[in-house]
Amino acid sequence: MGLSPIVSVMRNPSILSATPSASPATPPATPSTARAKGPARPARALFDACQTGVVLRMVLFVEVVVAVATLFAVSTPSEWLLLAATVTGGALPATLTWLLATCALKRLLARLPVPGQYATGALLGALAALYGCGLLRLTGVVGNAPWLASALAGALLAGLMMAALALRARGQTPAATTARLAELQSRIRPHFLFNTLNSAIALVRQEPAKAEAMLEDLSELFRQALADPGESVTLADEIALAERYLAIEQVRFGDRLRVRWDIDPDAHGARLPPLLLQPLVENAVKHGVEPSPEGARLRIRTQRRGPMVLIEVINSLPPLRWADAPLPRGHGIALDNVRDRLRLLHDMQAQFSAGMDDKSYRVRIAIPAEP
């Protein structure tokens, strides 16, 4: 009788792959569930000019525009180099000024409607262009400063840059990315579910408290997997979810799973895409512990190093990994997914690497610390 809800879930796989609808039997929201649902997402700026990748793209874009535009006014390569260098002397400071201004006003811009953001960005572009033109005039590089043309060019380039970055940001979130996220959310494998339920059933009579804790951990895993994902969560949230997953696997594998946590509290505020750490830990258990009768060691390490946070998941490998007939390896789908989602959230500031390291497999992530 008590197992009928479990059997119902196992016979209805759609429950595990779609967000459940509201039910009158839904329990009251706890602080953790309230945090998962969260308030309505705040308005966001069209792009984040504080990111290194945005700065590099903007500088490159302006330099290309300068290089092409100056070709219309010269007839020889030497004249073109001289004129391009002259215009760059005003365009580069103007570009950096615009980037600094939009970065400093990021929160203010996020409160404005989209047309207001474009208008403010264009105005800042015009003012930055006037600043660059003034530099050329004060240094005597140009005699008659084209104030009006500079202001209009600055506003136009700022509008083009904002539109290009807005399109890029919009293209990162639709169907392809949503499909990859859905795939990642379904990575709690079916046999993991069945093994967990079987272990809990076996513990019901002998150790009911341990069985209850195991089912609570499983419930929390599925609540997180089926929740409406936000853009990011804290590293502390991801560690808590990984702890629940490993608590379940610890019951299954016992002494075969030896976990070491090296957690730096100063790194807890770093932002990650949701459900990023758990698949890495799951891979470590799948490829390190399951194939080995002796089990394996698993280490999860976080550390803050200045403006960056380092995250490492390391697992020892069974001996057959480096024998003549190695065990079959995975397809790397989870690792590619993690790499892509880190790039979507942190752009060029995120670093990701994975590979063999002294008879162990190491996944290393570096992301910006909490601003």
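**Entry 1: two helices crossing**

I began with helix 4 and helix 6, and found that helix 4 passes helix 6 in a right-handed crossing. The model I am reading is a predicted one. The two helices span residues 77-104 and residues 114-138, and their axes come within 8 Å. I noted the crossing angle as roughly 145 degrees.

Next I listed who makes the contact. From helix 4 I wrote down Thr86, Gly89, Gly90, Pro93, Ala94, Thr97, Trp98, Ala101 and Thr102. Helix 6 brings Gly121, Leu124, Gly125, Ala128, Ala129, Tyr131, Gly132, Leu135 and Leu136. I sorted the residues of this contact by type and got ten nonpolar, eight polar and no charged.

**Entry 2: the whole chain**

I then looked up the totals. The protein has 13 helices and seven strands. Its length is 371 residues, and 37% of them count as buried. I also looked up how far apart in sequence the contacting residues are. Among contacts with a separation of 6 or more, 74% join residues 24 or more positions apart.

**Entry 3: the nonpolar cores**

Which residues have the most contacts inside the largest nonpolar core? I found Leu298, Leu342, Ile365 and Ile367, in a core of 43 residues. Elements that supply at least two residues each include helix 9 (190-206), helix 10 (208-226), helix 12 (277-289) and helix 13 (333-346). Strand 4 (296-305), strand 5 (308-316) and strand 7 (360-368) are also on that list. Helix 11 (235-253) is there too, and I noted that it gives the largest share, eight residues.

There is a second, separate core of 15 residues, with Val54, Ala91, Ala94 and Leu99 among them.

I went back to Leu342 for its neighbours. Leaving out residues up to four places away in sequence, Leu342 touches Leu272, Pro273, Leu276, Asp347, Ala350, Phe352, Ile365 and Ile367.

**Entry 4: Gln250**

Gln250 lies in helix 11. Is Gln250 buried, exposed or partly exposed? I recorded a relative accessible area of 32%, so Gln250 is partly exposed, since that class lies between 20% and 50%. Not counting residues up to four places away, Gln250 touches Leu257 and Val259. A polar atom of the Gln250 side chain lies 2.6 Å from the backbone oxygen of Gly254. I also checked the spacing to Met214: 36 residues apart in sequence, and 10.0 Å apart in space, C-alpha to C-alpha.

**Entry 5: Asn198**

I placed Asn198 in helix 9. Its relative accessible area is 49%, so Asn198 is partly exposed; the exposed class starts over 50%. Asn198 and Arg252 are 54 residues apart in sequence, and I read 9.7 Å between their C-alpha atoms.

**Entry 6: Thr234**

Thr234 belongs to strand 1, which covers residues 233-234. What does the side chain of Thr234 make a polar contact with? The partner is the side chain of Asp237, at 3.1 Å. With residues up to four places away left out, I listed His268, Ala270 and Arg271 as residues that Thr234 touches.

**Entry 7: Val68**

Last, I looked up Val68, which is found in helix 3 (residues 52-70). Val68 has 44% relative accessibility, so it counts as partly exposed. I noted 16 residues in sequence between the positions of Val68 and Ala84, and 9.0 Å in space, C-alpha to C-alpha.

Conventions. Residues are numbered from 1 along each chain as its sequence is written. This is a predicted model: local features need pLDDT of at least 70, side-chain atom pairs count only at pLDDT 80 or more; totals for chains, interfaces and linings use all residues. Side-chain values use heavy atoms; hydrogens and water are left out. A nonpolar core is a set of buried Ala, Val, Leu, Ile, Met, Phe, Trp, Tyr and Cys residues joined through side-chain atoms within 4.5 Å. Buried means under 20% relative accessible area, exposed over 50%, partly exposed in between (1.4 Å probe, protein chains only). Helices (H or I, at least four residues) and strands (E, at least two) are DSSP runs, numbered from the N terminus. Contact means heavy atoms within 4.5 Å. A polar contact is a pair of N or O atoms within 3.5 Å; within protein, one must be able to donate a hydrogen and the other to accept it, and residues adjacent in sequence count only if both atoms are side-chain atoms. Axes are lines fitted to C-alpha atoms, for helices over the stretch in contact, and angles run from 0 to 180 degrees between N-to-C directions. A crossing is left-handed if the near helix is turned anticlockwise from the far one by less than a right angle, and right-handed if clockwise. Ala, Val, Leu, Ile, Met, Phe, Trp, Tyr, Cys and Pro count as nonpolar, Asp, Glu, Lys and Arg as charged, and the others, Gly among them, as polar.
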